[in-house]
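Please consult the sequence and the structure shown here while reading.

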Amino acid sequence: MKFTEKNANTNFDTAPLKSNKEVMKLSANPEHYCAIYKELTDLIGEQNARKIWQEYRGMSIQFPQRLYSKEYTRDFIAENLDTMKPREMATLLNLTERRVRQIIKELKD
């Protein structure tokens with residue numbers, strides 16, 4: 001493609017820019033948000049919901065049920081073997097007691 005003066009000399013300075021304040025005026029009422037953003041606003045506040053929207057808008061995101069990494073889970077269980085029961089660790093880590101016992105067995109082998 002050959003660039004001509006007409007194509008390459010577009011004047012972007014004349015294009016109106018919306019500041020964050022203007023965007024805030026437009027949508028200051030969270031009741032006007034889509035359902036998921038209303039829920040996020042209730043959970044984490046409007047400013048944080050806006051940050052998530054700005055960063056991830058248009059993307060499909062799935063959150064794993066597991067909050068902690070497998071490595072951290074193993075380390076936690078190893079560190080607390082002598083001080084906590086498997087049931088207590090399972091509750092804290094949101095695992096089944098059976099899974100905690102499996103990890104304990106793997107650690108001992």
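The report takes up the helix pairs and then the pocket. The model is predicted.

**Helix pairs**

Two packed helices are described by the angle between their axes and by the distance between those axes.

| Helix pair | Angle between axes | Distance between axes |
|---|---|---|
| α3 and α4 | about 135 degrees | 7 Å |
| α5 and α6 | roughly 150 degrees | within 11 Å |
| α5 and α7 | roughly 80 degrees | within 10 Å |

The axes of α3 and α4 are 7 Å apart and lie at an angle of about 135 degrees, which makes α3 oblique to α4. The crossing of α3 and α4 is right-handed. On the α3 side, Tyr37, Leu40, Thr41 and Ile44 make the contact, and they meet Glu46, Asn48, Ala49, Ile52 and Trp53 of α4. Sorted by class, the contact of α3 with α4 comprises six nonpolar, two polar and one charged residues.

Helix α5 spans residues 70-79 and helix α7 spans residues 97-108. Their axes cross at roughly 80 degrees, and α5 and α7 are therefore roughly perpendicular to each other. From α5, Thr73, Arg74, Ile77 and Ala78 take part, and they meet Arg99, Val100, Ile103, Ile104, Glu106 and Leu107 in α7. The contact of α5 with α7 has six nonpolar, one polar and three charged residues.

Helix α6 covers residues 86-93, and its axis crosses that of α5 at roughly 150 degrees. That angle makes α5 roughly antiparallel to α6. The crossing of α5 and α6 is right-handed. Thr73, Phe76 and Ile77 of α5 make this contact with Met89, Leu92 and Leu93 of α6. The contact of α5 with α6 holds five nonpolar residues and one polar residue, and no charged residues.

**The largest pocket**

The largest pocket contains about 240 Å³ of space. Its lining consists of Ile36, Tyr37, Leu40, Ile52, Tyr56, Arg57, Gly58, Met59, Ile61 and Phe63. By class, eight of the lining residues are nonpolar, one is polar and one is charged.

Helices α3 (35-44) and α4 (46-56) each supply at least two residues of this lining. The most is given by α3, with three residues.

Notes:
Residues numbered from 1 in each chain as written. Predicted model: local features only at pLDDT ≥ 70, side-chain atom pairs only at ≥ 80, totals over all residues. Heavy atoms only, no water. 1 Å grid on protein atoms, 1.4 Å probe; cavity = no way out; pocket = protein on both sides within 12 Å on 5 of 7 lines; lining within 4 Å. Points joined across faces, edges and corners; volume = space filled by probe spheres on them. Helix = DSSP H or I, 4+ residues; strand = E, 2+ residues; numbered from the N terminus. Nonpolar A, V, L, I, M, F, W, Y, C, P; charged D, E, K, R; others polar. Axes fitted to C-alpha atoms, helices over the stretch in contact; angles between N-to-C directions. Parallel < 35°, antiparallel > 145°, perpendicular 65-115°, else oblique. Left-handed = near helix turned anticlockwise from the far one by under 90°. Contact = heavy atoms within 4.5 Å.
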